[in-house]
Amino acid sequence: MAKKSALQTARAAYQPKLPSALWGGVSAVEGEPTQSVADQEEIKALFPNTYGLPVLTFEKTSKSAKSHDAINVGVILSGGQAPGGHNVISGLFDGLKAVNKDSRLYGFLMGPGGLVDHNYMELTSEIIDEYRNTGGFDIIGSGRTKLESKDQFDKGLIILKELNISALVIIGGDDSNTNACILAEYYKSINAGVQVIGCPKTIDGDLKNEMIETSFGFDTATKVYSEVIGNIERDCNSAKKYWHFIKLMGRSASHIALECALQTQPNYCVISEEVEAKKMTLNEIVDDIAKVVAKRAEAGNNYGIVLIPEGLIEFIPAMKALIAELNDLLAKTPDFAEQTPAAQREFVLNNLSAENAATFASLPEGVARQLTLDRDPHGNVQVSLIETEKLLSEMVGKRLKEMKEAGEFVGKFSALHHFFGYEGRCADPSNFDADYCYALGYNAAQLIKCGVTGYMSSVRNLTCPSVQWIAGGIPITMMMNMERRHGAMKPVIQKALVDLEGKPFKYFAKHRAEWAEKTSYTYPGPIQYFGPTEVCDQPSRTLYYEKGGK
């Protein structure tokens, strides 16, 4: 066995804190019937057995807990890693043992594919204890197989019946929980006798609503990124000669970029949702950054920090239109990859609409080439592979040269580039995520005990001490809407984008002009696991402002 570090040993002894409602005897209180966030008639028709269910809230009861039969449960880690997944499984395990000491937990290996292919292991106390309060998903591994077809559902049911599993917990993001919702509906429709419960996971922070205040992993990941951004800010402020362009994970929403900006106060941060709302062009973004660089140069500050969300390209209207036309054009040109680079560029420019051709021609050659060559299995541009940080810095450099020739820029400009993504996905969870994830798992065991299906584990009131957190569950259909996927309308969980009218963005917008001109950097430092509550247990700034913080 690998030797443990001193921190690993100390963290293994940490006991996550539970909401008081989950101590001892627990009763479930039903709320009003629910409806989907949009497209109510379509969602109701697709989910007749799991639509309209009430929100559940758990309350502590003075009655002693009734004896309950042992329960066999399966668990799946689905999609990309997020700090705290091991604690969800630990909480689930402990919760099931509290229901009945003979309850058993089985982990399906390497994601949903493990269910379909019947690859599993029993999770015993010895195994669980090795992974408490640790990062990663390595206890059973994760995968991106989508549970979408009846054939998959039926194959999974074979092993569930063989192991006498009566409930399945799927820990994942919006797509994974969409699949959980579909699976719950199918098993309910055929009276399979298998409950399906979801848990909200994603560092991107886009799986949330009034009842799911944050997805787990977001707190830890943004603290990891903010620590490194703070370190770069300190270096930047020491050397005083570089502009650092930092791309951050978050393809569909800018929650990570906004949270890191709130924690570190950089000179500039792009928020994709604002770019789309204002219909900004790529050149307008470049001009905006160049003006900040020039303004700081006037004061002799030829250095700074720019934060960029991973998915920016898809939010720029002109780029979105270009990518859409490129997808169609190249899908009809199977021999495109066999042409020379010069011939490829000429072909694209000659076959795009005039407007999109002009956008394509304005891009640095390397980025333009990435747009034409890096495709996913469906033939679409893989925007996450585009080096947006280099694209912006190169275009800003060119714009500053023009400004210097016009006498509008008097400084120097030298850029460095970074992409922070995988560094944050498997970090040891913060105390917040350790507690939150453990509570989500323990809470899921209570939902299973209640006999419900198609629910997501919900723990809220998260800016209060953990004993005051509110535990319960919400129907997953409550989060659903209809969206076009692969050419057809499908039910999916609605992504939560940055709310431009929300308090976190408004706080950022109020202060960004000052941060742009002055050097107002904040240095969060590394995650602290031991020490004062105000240092170790604080929630994300996003959650703080959303819940009334000033």
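Being four residues apart in helix H18, Tyr438 and Tyr442 are separated by about one helical turn. Helices (H or I, at least four residues) and strands (E, at least two) are DSSP runs, numbered from the N terminus. The model is predicted: local features need pLDDT of at least 70, side-chain atom pairs count only at pLDDT 80 or more, and totals for chains, interfaces and linings use all residues. Residues are numbered from 1 along each chain as its sequence is written, and side-chain values use heavy atoms, with hydrogens and water left out.

**Aromatic pairs**

- The rings of Tyr438 and Tyr442 have centres 6.2 Å apart and planes at 35 degrees, so the pair is tilted.
- Rings of Phe, Tyr and Trp (its six-membered ring) pair if their centres lie within 6.5 Å; planes under 30 degrees apart count as stacked, over 60 as edge-to-face and the rest as tilted.
- Tyr438 counts as buried at 5% relative accessibility, and Tyr442 is buried with a relative accessible area of 12%.
- Buried means under 20% relative accessible area, exposed over 50%, and partly exposed in between (1.4 Å probe, protein chains only).
- A search of the whole structure finds 14 aromatic pairs. One of them joins Phe432 and Trp469, whose ring centres are 6.0 Å apart with planes at 65 degrees, so this pair is edge-to-face.
- Phe432 lies in helix H18 and Trp469 in the loop between S12 and S13, so the pair ties together parts that are 37 residues apart in sequence.
- Phe432 is buried, with a relative accessible area of 5%, and Trp469 counts as buried at 5% relative accessibility.
- Tyr106, Phe108 and Tyr120 form one aromatic cluster.

**Nonpolar cores**

- The largest nonpolar core has 74 residues, and those with the most contacts inside it are Ile89, Leu92 and Leu248.
- Helix H18 (residues 431-450) supplies the largest share of this core, 11 residues.
- Apart from this core lies another, of 44 residues, among them Leu330, Phe360, Ala368 and Val396.
- A nonpolar core is a set of buried Ala, Val, Leu, Ile, Met, Phe, Trp, Tyr and Cys residues joined through side-chain atoms within 4.5 Å.
- Not counting residues up to four places away in sequence, Leu92 touches Val73, Val75, Leu105, Val169, Gly441, Tyr442, Ala444, Ala445 and Ile448; contact means heavy atoms within 4.5 Å.

**Positive phi values**

- His118, a residue other than glycine, has a positive phi near 65 degrees. His118 lies in the loop between helix H4 (112-117) and strand S5 (120-122), and at 27% relative accessibility it counts as partly exposed.
- Asn461 is not a glycine, yet its phi is positive, at about 70 degrees. Asn461 lies in the loop between strand S12 (455-460) and strand S13 (470-475), and counts as partly exposed at 26% relative accessibility.
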